[in-house]
Amino acid sequence: MELTIRPRRLRGNESIRRLCRETRLSPDSLIYPIFVDESLNGRRPIPALEGQYHYGLDTVAEAVEECLAAGVGRCILFGLPARKDAQGSSAWDEKGVIQEAIRAIKKAYPDFYVITDVCMCEYTDHGHCGILCGEQVDNDKTLDVLARTALSHAQAGADMVAPSDMMDGRVAAIRAALDGHGFQNVPIMSYSAKYASAFYGPFREAAGSAPSFGDRKGYQMDPHNRREALKECALDVEEGADILMVKPALAYLDVIRECSDAFDLPMCAYSVSGEYAMIKAASAAGLIDEHKAMCESAVSVFRAGADMLITYYAKELAQAIRKGEIG
Ligand code: PBG
């Protein structure tokens, strides 16, 4: 057979395959989500997210220790407050769960990089991501509480803040609050294109943040929309975001590709709770190999153009990268 071009030449063994790889992964690109429960002592398994835990303020440093042991140097914090109200006021409490968690982590591991999720849904008694006006979330009133919350995180020592609420103008509001108090150097990672997704189910159980009525379609994006993601990213760039994000990851690889091509900022993807739970459930049912499915999914997100990934598998992935199984 006269075949001049034989792509299989570059697939002959592991060495040549690794040489020709187009996508490289690093533990440095991984961010691990940590759930901190103000009312908890010790740690407690999260039933909806097998292998994940709620940590108390007394054990959150252990979560970080495990990250470091696996080669993960960055986390994003989610809080479960002891009390909730209509405004979500414990979100910006100087002694709130996230603020105390940041202090506990920084005391034990000053160099560990702490990102905080900035949103109201875990702190409001109605579970929506902002201040209600009737049954709607009032955009402009919410900006004020988001900015206060982000500022309180920075004051407690957060390295970066990540607003996930999807209010219009929140990046500008947070930037102004940070800059006004001397936090010019705290970056904002914006959940720019965050879709109203069915894949957040296990997280809402874990964070106790399901809305008590209605849904989040009035602020999170419609999964049918692609151009709108570009618009959301462009607005965040204008408002001063430092890092953009697309969320979820696996069902939105096209959006990751387009947004990472269109903008110069680093692009984060969030492989959300439902993506993790699907792999766990399918492997528990004997249908797929968990480790391989985890690796392949993560590779796909970077291949799509993400520069970094938030994932519940961060520790396992870091180890797989270190062992040369991927990347
Ligand atoms: C808070 C927030 C959510 C997630 C991250 N930040 C839930 C939501 O928007 O309902 C989801 C993360 C996941 O599913 O892993 N707004």
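Where is the place of P248? P248 sits in the loop between β10 (243-247) and α8 (253-262); helices (H or I, at least four residues) and strands (E, at least two) are DSSP runs, numbered from the N terminus. The model is a predicted one, in which local features need pLDDT of at least 70 and side-chain atom pairs count only at pLDDT 80 or more, while totals for chains, interfaces and linings use all residues. Residues are numbered from 1 along each chain as its sequence is written, and side-chain values use heavy atoms, with hydrogens and water left out.

The peptide bond that joins K247 and P248 is cis, with omega at about -10°. M166 has a positive phi of about 70° although it is not a glycine. Most residues other than glycine have a negative phi, and most peptide bonds are trans. M166 belongs to the loop between β8 (160-163) and α5. Its relative accessibility is 4%, so M166 counts as buried; buried means under 20% relative accessible area, exposed over 50%, and partly exposed in between (1.4 Å probe, protein chains only).

P248 is also a contact of S197, which touches Q220 and P248 when residues up to four places away in sequence are not counted; contact means heavy atoms within 4.5 Å. S197 is located in the loop between β9 (189-194) and α6 (201-207). With 10% relative accessibility, S197 counts as buried. The side chain of S197 reaches the backbone nitrogen of F199 at 2.9 Å. This is a polar contact, defined as a pair of N or O atoms within 3.5 Å; within protein, one must be able to donate a hydrogen and the other to accept it, and residues adjacent in sequence count only if both atoms are side-chain atoms. The C-alpha atoms of S197 and A158 are separated by 28 Å, the two residues being 39 residues apart along the chain.

R170 is in helix α5 (residues 170-180). At 2% relative accessibility, R170 counts as buried. A polar atom of its side chain lies 2.7 Å from the backbone oxygen of P163, and the side chain of R170 also reaches the backbone oxygen of Y191, at 3.0 Å. Leaving out residues up to four places away in sequence, the contacts of R170 include L143, L146, D236 and E239.

A pair of aromatic rings is described by the distance of the centres and the angle of the planes. Rings of Phe, Tyr and Trp (its six-membered ring) pair if their centres lie within 6.5 Å; planes under 30 degrees apart count as stacked, over 60 as edge-to-face and the rest as tilted. A search of the whole structure finds 10 aromatic pairs. One of them, F35 with F203, is tilted, at 5.5 Å centre to centre and 50° between the planes. F35 lies in strand β1 (residues 30-37) and F203 in helix α6, so the pair ties together parts that are 168 residues apart in sequence. F35 and F203 are buried. Y53 and Y55 form another tilted pair, with 6.2 Å centre to centre and 55° between the planes. Y53 is partly exposed at 27% relative accessible area, whereas Y55 is buried at 1%.

F35, F78, Y191, F203, Y270, Y276, Y312 and Y313 form one aromatic cluster. K247 lies over the face of Y270, 4.9 Å from the ring centre. A charge sits over a ring if NZ of Lys or CZ of Arg is within 6 Å of the ring centre and within 35 degrees of the ring normal. The charged end of R43 sits over the ring of Y53, 5.0 Å from its centre.
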